[in-house]
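Please keep the sequence and the model in view while reading.

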Amino acid sequence: MAERSPNTPSLAWVEPSKTRAPRSSPEPEDSWKVQPLPAALPTVSGPTWAVPRKEDPLNTIQAFLKNRPKQEDQKMKFLDSIITICSTLSQNIGMCTLESTEWAKLYFCQEEMVEMIVELVREDPPDQLSMLVWQQAMLAISCMSEVRLLQEDKSSLLQVCFGSIFHLPPQKATEESICTQTLAMMDNMLKVLVSSAGNLGFQELQNILELLLPFAISQTTEAQERAVAQIASLFEFISTHPLIQICHCSIQRKTLPHQCSEAQQFPMLGRLVGHLTLCCTCKNQRTCEKAAQALFHLHKFILVQKRRWPQLDNSEEQQHLEHWQERHSHQLWLNTYARESFKLFTKYLQPSSRANIILIAIKNMRSQSDHSISLAAYMVETLVSGSAFYSEQVQNIVGAIYRDLPSITEELASESLNKALQSLMDEHPREVVASLLQCSPTCTCVAVVMWKAIVSEPQSAKKVLQDLLNRLRNKSWHKMTTSDDPRILSLAAARMISKIFPEPTFQAEAREIFPQLFLALLCQVSFTEELTQEEVQIFWVQDPEAQLSPIRSAVQVLRMLLCSMGLESQVLAIEVQGGWDALLSPQGHLMGVGIVAREMVNVEKTLLSKIFCHLVELLSVQYSGWEMVAMVVFVEMLDCSDLTGDLDCALTIFPRCLQSKCLDMPSLALRGIFKLLAKPSMAKKTLVLLPHIAELLQDTDNDAASNASAMALCVLSNMLRMLEGAATSLTVLQLAPTLRLLFDNESVIVRELSIQFFQNTMELVVGAEKKMMRQEVWDSLLPLLFHLYDQDRNVAQAAQEALCRAGRFLKWEELQKLAKTVQAWRISELLLSKEEHNYRNYVRMSQLYLKSPQEPLRQEAVRFIGLIKWQTGDRKVQEYITEVLEGAIKEGRKSPSQCWSPR
């Protein structure tokens, strides 16, 4: 290497041919060249920084990394050593040969070298001397990149370089030259990074652009101007770079199915086009010009790339665009023509890029924006229509409008956003509604403005209402504590309706779907009672000063809806009966639902029929979170005489309701069936439900099930009277074993009704089935005998009457006489005298009553078993009885000696 003057540092102004021989490269790479740096820089007096030729550059590097000196000459020696050794490697070894010992040593300390370069650039203040160090540092980075010694992420390195250089203060005339040279050195470095990345060059470019973009939108005029100029330079560079290629899917709105690598994609296209287009209208004229140049060269690059796939585009259109590009300069892209130039890019933008530009444009509509608000509005209107956005992109756009709307004062911008919301609503109704509900569950004043813009068109209002209706119905009981929880969105839907209902178009559409909306809101009131405190907190976190609680909001909307339909008299009647207050009560809201339903029976016949049919539709669904409320309304409406023609379809819902796991649902369904039995036109039709009702008698595990069994017995009793012929006998025989089990039910009313039901059905059996019924009656005698001692007088009386009826059915006069006088002990002896061969079975039946919760029944069971032991001579039966009684004693029952003595 030639000797240098002590005052002349080894920097980029030395032409490449003088520092290192040109690389041998494949022919395509020779067709482009990274621009050489200026030929000379002014000398700077100071310490000598020349590296003595006798020093080994590698040793210098290692020593600097170890000792980390702070002297400027040592910093320059370190950087110059990197340049020297990398230049030698590039000259003697070539890019593709990595067998050099020096290269290997540098490779393993490349991370330390990069960290040191970052530190050198970051720690130096922005003066003329520091800029010389920065230049040398960037030249070192370029040289390292050319010999593949920058394998790690370069983000932190470039971030420091950009931050130091772009934020340089305005330079004086005497300093402007070195500042320009520093920017030129950075430009050269970035181009080397891109070109040396080979097939990953475009990915490297995007990494650089990703770091440049924040500076291009900086509030600092100098930083913005320099960053935009750098972007323009890079686009000019890649437009003539033969190795930079991207996939057609990045610049085609519609693409064929294919596979491409991440390195061939251009996800930044939308953000770049959006920011650069707006920069064409900024106040700084030089920034405008550089932004126009950037767009000009970006468009040229796209045309070059599209030429690679002629089968995907109209060749005539392609040629027209290329000729247009050749005839016009970048001046066309400035200010006045920004709209026309922006149109050229729209055909290349995918939905993701379009969404990015829309977000940028919305942000620039704010009153403090330095760019053209009218252009931003135009960009939004142009891109929002006809774009197949994904739901996340729609959510981002709606969220951006919600956040920035308070800062947007220009009428033109507001109108543009209103049109954008309507366009999105036309093409993505579900996503728009969900997004706005998530942005503001409590429907703040900003959200109200947006909703009014959306529902101003009747078609949009219809779509909004339909979606809100679906959300009112969709109350998942499994997802919780997230802002997009269906339960929270359901509450948000009710709140939104209360705020927007006065809008004429909204009211008109609400009247069209009144039955569905009325029932949804009525059920919403019930659902709101089920909210957890955690969910309420989520709902209120955005609006802690809201005047209405979730449930009051739902009740308010319900009242508004009824009034809009001209049902003010019903609203007043509900209030007089305390219905509205009952709806607000956790304990009485179902009673309130019943009051509302009874008043709705008085509405016009056609409207009532629509409500009823929709109820049937709701209750026919496999699962509904509001089935209890719907069933209460349904049962109340069965009293109306105007629904005769609609009742047949109602029969189809009862089987599912009778089998519902909801505790009170079977009882409600039985109430409805009981009402239908009172209607002559429907009574016999209900007989198809008899098997489903009979199934309820088998489930008495809790109070609700016992109540349902009691009601089922009443309904079955009425149904049996309508059966004819053999059907009556067969049904009674099927029910008899189940009825006998109900004699011992914990519920007093079930015991009484089951015994009465059994008594009343004995003589309904005729013909051949009568013999089988005799056995059923005989098997019931002992349980009935024990229940003569039931603690409830009504049950005991029912058992006495049933024994009398059984004596008559069996033609057993002595049993009838004893039952009438309630001689239970004589009846016991009578049974045993008739059934000596059946002692063991009697013991087994009596054993069940040893566990009865009623002490009188336990005592009578012990006496009866003792009587059997006293009368039988069968040793095995006596042993069995002893075993049973001892088992009862072990379980803590009363001792047999205390309960029994023969008479």
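Phe634 is a buried residue with a relative accessible area of 0%; here buried means under 20% relative accessible area, exposed over 50%, and partly exposed in between, with a 1.4 Å probe and protein chains only. The model is a predicted one, in which local features need pLDDT of at least 70 and side-chain atom pairs count only at pLDDT 80 or more, while totals for chains, interfaces and linings use all residues. Residues are numbered from 1 along each chain as its sequence is written, and side-chain values use heavy atoms, leaving out hydrogens and water.

A search of the whole structure finds 19 aromatic pairs. Rings of Phe, Tyr and Trp (its six-membered ring) pair if their centres lie within 6.5 Å; planes under 30 degrees apart count as stacked, over 60 as edge-to-face and the rest as tilted. Because the ring planes of Phe634 and Phe654 stand at 65°, with centres 5.8 Å apart, this pair is edge-to-face. It links distant parts of the chain, 20 residues apart: Phe634 belongs to helix α32 (residues 627-637) and Phe654 to helix α34 (residues 654-658). Helices are DSSP runs (H or I, at least four residues), as strands are (E, at least two), numbered from the N terminus. Phe654 is also buried, with a relative accessible area of 0%.

Leaving aside neighbours within four places in sequence, Ile117 is in contact (heavy atoms within 4.5 Å) with residues including Phe78, Ala137, Ile141 and Leu157.

Helix α23 (residues 486-500) is largely enclosed by the rest of the structure, because 14 of its 15 residues are buried. Helix α40 (residues 769-786) has 18 residues and reaches 27 Å from its first C-alpha to its last, close to the 26 Å expected, that is, 1.5 Å times one less than the number of residues. At Ser780, α40 bends by about 30°, and Pro783 follows within four residues; the bend is the angle between axes fitted to the seven residues ending there and the seven starting there.
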